[in-house]
Amino acid sequence: MQAVLAIAKATYRESIRQRVLLVVLLLGLLLIGVSVAFSYLSTGEEFRFVVDFGLTGFILIGLGLAVILGGFMIPTEIDRRIVFTVLTKPVSRAQYLWGKLLGAALTILVVDVLMGVAFVAAYYWKQPQHNVPLALYLALVAVFLQTLILLATAVFLSTISSSAFTVIATGFVYIVGSVNKYVTQLSQRGDSVLLKTVFGVLAKVIPNFQNFDLRQALLTSTPVDLGHLAGPVLGYTVVYVAMLMALAWLLFNEREF
Amino acid sequence: MNSSVTKRLAWVLVVAAVALQFPLQESIDRYRNTIRVIMYPDARDTDIAQAQARFTELGLQPKVVSARGADGRPTKAVLAPLPRAEWSATHEKYIRGLHSVPRVNQVVAGINEQGIPLDQVQQLNIQDVGIIVMAALIGGFRKSAANVLWLQNEENWHSGKGYRTIPLARAVTMLDPNFVDAWVLTCWHLAYNMSVEAKSPDEAASLIAQGLKFAEEGIPWNSTTYEIYQEIGWTYYDKLQNYERAAEYMKQAIEHRHPTYLERMIAHSYERLPEIDKALKWYHVSQQKYGEADQTARGAIETITERYLNAWQLFRRGDYDGAERQLESDWTAACERCSRAGRTLPSSTIYLHFRARIAEARASAAKGGERAKLYEQAFSAWMAAAKENPSDRLARRRVLTLADNFGWKDRVPKGYNDVGLPENWAKDLAPEQRGRSKPAPAPAKKS
């Protein structure tokens with residue numbers, strides 16, 4: 001465990017020094033600011049605009065971070081041969097992977113917290129009763145959980161392929177997972193058996209990111225239970241992250257440098 | 001640990017994770033497809049039992065749990081998970097009427113973002129909006145894309161490209177189906193603005209019907225608010241003067257939080273038909289609900305009672321001659337009272353409608369040759385009502401229907417319609433639009 005934490009700490013330190021992270025954070029804050037500025041385009045629905053635009057910005061920034069951190073950290077270390085130095089120490093490949101994942105997750109958490117403060121402030125300002133419901137915090141936590149799955153996906157893909165492929169494939173997973181219900185519809189309605197099978201498999205295998213989308217609940221003032229997020233949604237995240245990391249380890253373990 | 005054992009353990013973990021994913025997904029779906037009725041903190045057990053009974057009647061298995069209301073106070077909630085077969089459907093039938101249960105604070109139709117059927121995507125004009133729609137569905141900036149399209153829609157409308165309203169509005173509502181104004185304003189554009197520019201009554205009727213159909217599509221997404229029901233109800237009331245349908249929709253609107261005039265709108269609808277007993281009932285409902293503040297209802301109860309109630313009771317008993325005599329006498333007395341008091345005479349619409357209804361009821365009860373003669377009287381009565389008030393579309397519709405049924409089309413003026421077009425609607429059209437051949441161009445003058 002100590003080895004995992006040490007690698008996580010090193011990964012976190014390395015990540016927050018990257019300028020690209022600062023750019024992403026500024027972009028996220030800009031998106032939230034833009035959501036407030038543009039909300040005047042949506043007369044009578046300013047608050048709904050801020051929620052939709054702000055949370056979507058959160059999701060996309062999460063995707064960007066997952067792709068940048070997950071897709072580049074391992075291939076870069078392999079290219080620069082840093083991985084040899086680490087793995088010659090008494091550190092297993094599983095510990096290395098988990099350490100990398102935890103470090104990147106911590107970096108994303110810090111960015112999300114900073115953006116979250118700005119988003120909650122924007123929400124409080126625009127919400128007619130100046131009331132911040134529990135559902136808002138749960139929505140932000142749900143976005144973070146979704147980002148964790150994307151990060152694990154990027155880490156898994158980066159163990160077997162180049163960074164470029166990882167970026168494209170993680171983006172594909174995000175798109176298919178975000179429109180899971182349409183992929184499911186295609187698997188039920190398509191004309192070709194082959195296409196139906198392909199869409200059916202995609203709908204089942206790729207994580208369903210609509211499980212994490214609480215925008216509709218926020219927009220319609222629907223209360224969301226903490227138990228729902230802490231139970232099945234967190235469980236779903238743990239299951240997917242564990243599965244992706246196990247697969248990543250199986251492939252990374254076979255890899256010869 | 002042995003490497004092969006670790007590998008096996010990793011594979012077991014992968015298989016277990018795949019297997020676990022399905023029940024977890026099922027649990028999330030069940031949560032997202034549960035209807036929640038949140039009661040006020042002071043709700044009685046009988047109120048909660050009533051909410052439960054509504055669900056039980058529909059075959060659901062509700063349960064009562066502790067919850068917090070929108071204001072954060074502890075209260076009770078009734079949860080009703082939907083069966084799997086209903087997960088992809090709209091939840092409207094399950095939530096309709098729940099607001100009429102006493103002490104219900106909030107009805108939540110599940111947080112499942114109901115899937116937009118793919119056939120709706122196919123209806124879009126792909127060149128115009130399809131790409132934006134698909135990008136927004138995937139990218140997630142749905143509300144923002146909907147706003148941009150809505151602004152474009154407004155611009156199109158004000159620059160005379162009203163025909164592009166429908167595909168754009170459809171794209172907007174697809175991106176943001178909870179954008180109530182998009183459903184309501186598109187219905188209004190079609191039924192009120194585009195229909196008056198129609199080239200024929202048939203086209204105008206079709207545009208009004210399209211507007212109503214469009215708004216109807218928005219109900220499942222916004223069935224917990226009154227606005228769309230009210231818009232449809234108002235279009236039936238004002239534009240089509242189909243007062244029965246208007247009352248139906250207004251009744252659905254008042255099941256949700258609504259402005260105070262809606263109960264009166266139901267009463268006005270019945271009054272104009274007329275259905276005097278129903279009108280009185282709804283004026284009383286409005287007065288009881290809003291008390292002395294509702295002066296309109298108080299005044300309406302007085303005038304209806306003195307002008308029409310006696311005649312209405314005779315009419316309901318089938319005494320049509322008595323009803324007609326009573327109506328004439330009460331109406332004359334009411335007009336005289338107004339003259340004596342120096343007030344303007346009351347609008348004769350309801351009186352004329354009532355006369356025509358008596359004539360129609362008498363005709364429908366008659367047999368043989370007498371029947372046609374009596375229907376002719378009903379036709380004249382409706383015609384008189386329409387002549388008295390040219391915007392009386394109920395009277396015009398009855399005139400057209402009777403003329404159609406009895407072959408009296410020659411008695412109906414040319415261009416007569418019940419959709420609000422002027423009778424000379426064909427006058428301003430170009431010859432080819434009236435179905436005539438285009439005149440040959442004039443020969444060029446010699447220089």
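Which residues touch the most other members of the largest nonpolar core? In this predicted model, they are Leu151(A), Ala152(A), Met245(A), Val172(B) and Trp382(B), out of 169 residues in that core. Take Met245(A): setting aside neighbours within four places in sequence, its contacts are Leu97(A), Trp98(A), Leu101(A) and Ala152(A). There's also another core lying apart, made of 21 residues, including Tyr94(B), Ile95(B), Val104(B) and Ala109(B).

Now for a helix pair in chain A. Helix 6 (residues 134–158) of chain A and helix 11 of chain A have axes that come within 8 Å and cross at roughly 10°. Angles under 35 degrees count as roughly parallel, so helix 6 of chain A runs roughly parallel to helix 11 of chain A. Met245(A) turns up here too, on the helix 11 side of the contact, while Ala152(A) sits on the helix 6 side. Other contributors include Leu145(A) and Phe156(A) from helix 6 of chain A, plus Tyr240(A) and Leu244(A) from helix 11 of chain A.

Then there's the contact between the chains, which takes 38 residues from chain A and 30 residues from chain B. On the chain A side, helices 3 (46–79), 7 (163–178), 8 (180–189), 10 (215–219) and 11 (226–254) of chain A each give two or more residues. Helix 11 of chain A gives the most, with twelve residues.

| Contact | Nonpolar | Polar | Charged |
|---|---|---|---|
| Helix 6 of chain A with helix 11 of chain A | 20 residues | two residues | no residues |

Definitions and conventions
Residues numbered from 1 in each chain as written. Chains lettered and ligands numbered in written order. Predicted model: local features only at pLDDT ≥ 70, side-chain atom pairs only at ≥ 80, totals over all residues. Contact = placed C-beta atoms within 7 Å. Helix = DSSP H or I, 4+ residues; strand = E, 2+ residues; numbered from the N terminus. Core = buried A, V, L, I, M, F, W, Y, C linked by C-beta atoms within 7 Å. Buried ≥ 20, exposed ≤ 12 C-beta atoms within 10 Å, placed from the backbone. Axes fitted to C-alpha atoms, helices over the stretch in contact; angles between N-to-C directions. Parallel < 35°, antiparallel > 145°, perpendicular 65-115°, else oblique. Nonpolar A, V, L, I, M, F, W, Y, C, P; charged D, E, K, R; others polar.
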